[in-house]
Structure formats: C-alpha cells, structure tokens
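Here is my note on the model you asked about.

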Amino acid sequence: MKLIGSLTSPFVRKVRIVAMEKHIELEFVVDVPWQPDTRVPEVNPLGKVPVLVMDDGNTLFDSRVIAEYLDSVTPVSRLIPEGNRQRIAVKRWEALADGIADAAALIFLERTRRSPECQSQDWIVRQEQKVFRGLEAMSEELGEKKFCTGETMNLADIAVGCCLGYLDFRFPEIQWREAHPNLARLAEKLFAMEPFQRTVPVT
C-alpha cells in the first residue's frame, strides 16, 4: 500500500504512526496539495492528504477512515477497542484532537496563503478560540490519567500527540504546556516513543 501526504500534516503523521504501531509497511510518497504540481486531486477529489492507495488501486481518504482501516487489517496492537462504549470514547478523543489540529491548520493557511489585506482577523480569532477551548476540554478529560482512555496508548493518544506536536511546530507561541501540565506529561511520554520521533514534522 502507498500513503500520500506531506511531512507537516498532523493527520498524515497520525496515519504514519498508526501504521508503525500496527507493523504495516507503507510506501510513503510526499505530495503537498498546495504545490502547483500536486497530484493529490487525482487520488482524492477533495484534494486533501492523507490518501491511502491500496494494492488494488482503490483509495481511502480522511485520516480517521484510514486509521480505522489500518487498525482492522491485523489484530496486532489494536488501537481502537472493540467494545462499543470504549470505541466511542477513543473516537471522541480523536475527533477533538483532529478538530484542534484542523483549526490550527486553518489559521496557518489564512496567515500564509492569503495576502495581508485579504486576511480575516475575525476568522483567525474564531479558529483560535476553537484551539484554546479544545485544549481546555482535552486537559479536563485527561485529568490525572496516564493515557486518554486506558492504561496503554491507543488511537486517542496518537491523535492528541499529533495535535500537540503540530501546535509546537506551527505555533510555538502557544504555551499549552504551562496552561495544561497534564497534557505536557502525556506529550512527554508520547514524544519519546520511536514512531513519534520518526515522524517529527519538517518543512
């Protein structure tokens, strides 16, 4: 299978880490959708990454769909629990972390892809509020737990780690560690793991 994505996307990073945790070999093809020579629209009509191209040529897109598919390929290192209540809890965490990352990415694009006179400060503030509310919600949900939903890492923690890593990468001025020490403790554990170290975003 082939994974198409950028080296900066938190959503691509999430899928790469899932594949590593599941011991699934993926050919990684770097393609940035914002570049004029991108071929992403050829495999995803929405023009977004990540895109998983399967051996039969069919494609999957949206990181949540790809992550769930990869988790179903092999029972090794299950990242999404089978029990419905536990499964929903993990997917809820993933949605929250992905939502923060999406809002942060929209801020970055507004500031870097639009000329200053066309940028909307109201739009940026709206997205910033999503980021800060989301961080507060994650911190409250985590409390003093070791991981998001259990005693071991699962997809919820991977999504949170990729979200926080993206904030470090694009918005170092956001002092989320100081505001939420429990998220900082979780991040420290995650960032020390090999899959996270191998996928640190780079430009």
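1. Two strands count as paired if DSSP finds at least two bridges between them. The model is a predicted one. On that basis, four strands make up an open sheet with mixed pairing, and their order is β2-β1-β3-β4.

2. The edges of this sheet are β2 (27-30) and β4 (59-61). Each of these two has a single partner strand, so one side of each is left without a neighbour in the sheet. From one strand to the next, the twist averages 20°.

3. Strand β1 (residues 2-5) runs parallel to β2, and four bridges join the two. Which residue of β2 is the bridge partner of Leu 3? The partner is Phe 28.

4. Helix α1 (residues 10-21) lies across β1 and β2. The direction of α1 is at about 160° to β1. Helix α3 (residues 63-73) also packs on the sheet, where α3 touches β3 (51-53) and β4. The angle between the directions of α3 and β4 is about 120°.

5. A separate point concerns Asn 154, found in the loop that lies between α5 (121-142) and α6 (155-170). Is Asn 154 buried or exposed? Its relative accessibility is 7%, and buried means under 20%, so Asn 154 counts as buried.

6. Leaving out residues up to four places away in sequence, Asn 154 touches Leu 79, Val 90 and Thr 149.

Note on methods. Residues numbered from 1 in each chain as written. Predicted model: local features only at pLDDT ≥ 70, side-chain atom pairs only at ≥ 80, totals over all residues. Heavy atoms only, no water. Buried < 20%, exposed > 50% of the residue type's maximum accessible area, 1.4 Å probe, protein only. Contact = heavy atoms within 4.5 Å. Axes fitted to C-alpha atoms, helices over the stretch in contact; angles between N-to-C directions.
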